[in-house]
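Please work through the exercises below with the sequence and the model open beside you. Each task is followed by a solution that goes step by step.

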2 protein chains.
Amino acid sequence: MARLKPPAQPPPRERILQVARELFHRDGIHAVSVDAIAAAAGTNKMTLYRHFSSRDELIAAYLAGLAAESEAVWEAASAAHPNDPQAQLRFLLREVARMATESDCRGCAVANAAVELAERKHPARRVVEAQKRRTRERLVALVRKAGYARPERLADEIFLLVEGARVSLQSIGPGGPGARLYDLAMEMLERAPRKKGSGHQ
Amino acid sequence: MARLKPPAQPPPRERILQVARELFHRDGIHAVSVDAIAAAAGTNKMTLYRHFSSRDELIAAYLAGLAAESEAVWEAASAAHPNDPQAQLRFLLREVARMATESDCRGCAVANAAVELAERKHPARRVVEAQKRRTRERLVALVRKAGYARPERLADEIFLLVEGARVSLQSIGPGGPGARLYDLAMEMLERAPRKKGSGHQ
DNA sequence: CCATGATGGTACTGATCGGTAACATGCTCT
DNA sequence: AGAGCATGTTACCGATCAGTACCATCATGG
């Protein structure tokens with residue numbers, strides 16, 4: 001008796017999204033079938049299609065989940081170092097650099113999706129573009145808040161370094177230029193000119 | 001009479017590779033069937049399989065062709081500005097920056113292949129990795145020849161900027177940070193410290 | 001002029017996959 | 001207990017695709 005229901009397991013929609021997150025990122029979106037996702041989630045295709053009207057919509061939901069995760073990282077940075085944009089930058093760069101040096105990491109799942117989904121009208125592309133735009137804006141804002149002159153320029157520089165590190169991880173491997181990401185970005189932040197009148201060193 | 005044979009058209013193998021280059025890059029590797037390539041090349045699947053033992057081998061040949069094309073660009077830079085590594089760097093950066101701002105460009109086909117072909121044992125991955133490694137080495141050599149201190153570091157910085165510009169082109173679009181690629185790289189080259197004793201300004 | 005080899009064309013197989021129908025099960029709330 | 005609803009299960013359809021068999025065509029070279 002006393003069948004415990006709450007701890008049983010999360011509802012199928014969450015399990016499906018969790019499994020999709022892992023398999024899509026690890027094997028590539030086009031390489032994973034809905035059957036495989038449903039099976040790995042401990043359910044079946046029918047239940048999957050009761051929660052997602054199509055495979056493409058599952059992909060879009062997957063990407064939306066990634067975007068939410070990215071937001072969470074930014075908020076974690078803000079929470080860890082409130083009112084210290086320099087420390088937040090270091091925090092974020094440390095996070096992404098750590099990921100971009102793991103040998104089994106497949107880079108940025110959002111950027112990968114953009115590469116895999118070449119059709120310009122794919123519903124997931126809107127999510128991808130929105131997420132990248134948002135990241136760029138947050139980065140610009142943070143760099144500006146840190147007191148740098150030409151914040152858009154410096155932010156874009158960092159943005160490109162990060163994106164480059166994460167793609168090249170998949171082509172040239174973990175020993176490639178991406179291994180220098182943290183050092184390069186940190187030196188860039190140290191050398192970059194501050195806005196005059198900024199209170200920083 | 002006098003049927004002209006030489007100008008007729010290149011042999012099917014070349015046509016197939018040419019079409020594969022266009023379609024694989026434009027639509028993504030996994031989105032193009034061998035039927036589509038054969039048809040677009042004005043031939044058929046049977047003839048395709050007489051020249052390539054499998055689809056994967058066609059992909060590998062496609063990537064080998066891209067690598068050869070990349071070599072040609074480096075040699076063009078060397079030929080256009082012999083014994084002027086600075087000018088060669090500008091030449092190469094201008095080329096890649098021009099491509100990375102076209103709205104219909106799908107970035108680096110080699111890097112895209114690495115993203116699309118997640119299986120670590122895919123025969124094409126060897127070609128991808130070799131090409132990227134080669135590019136990195138050439139860039140390091142050129143930067144060193146240009147008289148910079150810390151050439152590996154500066155070369156990797158440029159490498160990451162370029163790679164980042166070409167992926168982000170596909171996610172955030174042509175108005176993204178990649179639009180600054182040329183300016184950022186040029187300023188980086190101007191500001192970077194030279195090896196002491198270097199004859200440059 | 002005929003043999004040979006490369007190519008074009010058609011048709012097929014076997015497998016995978018997205019998506020759906022129909023039915024069975026089991027939980028929840030009343 | 002019973003209604004209702006989400007879920008599990010199986011089977012199926014239609015389409016696509018990699019790869020192959022088989023034959024027709026046509027140029028070339030002896």
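**Exercise 1.** Find where A:Arg150 lies in chain A, and decide whether A:Arg150 is buried, partly exposed or exposed.

*Solution.* Begin with the elements, where helices (H or I, at least four residues) and strands (E, at least two) are DSSP runs numbered from the N terminus. A:Arg150 belongs to the loop between H7 and H8 of chain A. Next, count neighbours: a residue is buried if 20 or more other C-beta atoms, placed from the backbone, lie within 10 Å of its own, exposed if 12 or fewer, and partly exposed in between. Because 14 other C-beta atoms lie within 10 Å, A:Arg150 is partly exposed. Finally, look at the backbone, where the phi of A:Arg150 is near 50°, a positive value in a residue other than glycine. Most residues other than glycine have a negative phi.

This is a predicted model, in which local features need pLDDT of at least 70 and side-chain atom pairs count only at pLDDT 80 or more, while totals for chains, interfaces and linings use all residues. Residues are numbered from 1 along each chain as its sequence is written, and chains are lettered from A and ligands numbered from 1 in the order in which they are written.

**Exercise 2.** Describe the span of helix H4 of chain A and name its buried residues.

*Solution.* Helix H4 covers residues 55-80, which makes 26 residues, and reaches 37 Å from its first C-alpha to its last. The expected span is 1.5 Å times one less than the number of residues, and for this helix the 37 Å is close to the expected 38 Å. The buried residues of H4(A) are A:Leu58, A:Ile59, A:Ala60, A:Tyr62, A:Leu63, A:Leu66 and A:Ala77. Their cover includes helix H1 (12-27), helix H5 (85-99), H6 and H7 of chain A.

**Exercise 3.** How many residues does each chain give to the contact between chains A and B?

*Solution.* Two residues are in contact if their C-beta atoms, placed from the backbone, lie within 7 Å. By this rule, chain A gives 38 residues and chain B gives 38 residues. On the side of chain A that touches chain B, H8(A) has the largest share, with 14 residues.

**Exercise 4.** Which stretch of chain A has pLDDT below 50?

*Solution.* The pLDDT is the predictor's confidence in each residue, from 0 to 100. Chain A has a mean pLDDT of 93, and 94% of its residues reach 70 or more. Over residues 1-7 of chain A, however, the pLDDT is below 50, and this stretch has zero contacts in the model beyond near neighbours in sequence. Where pLDDT is low, the predicted coordinates should not be read in detail.
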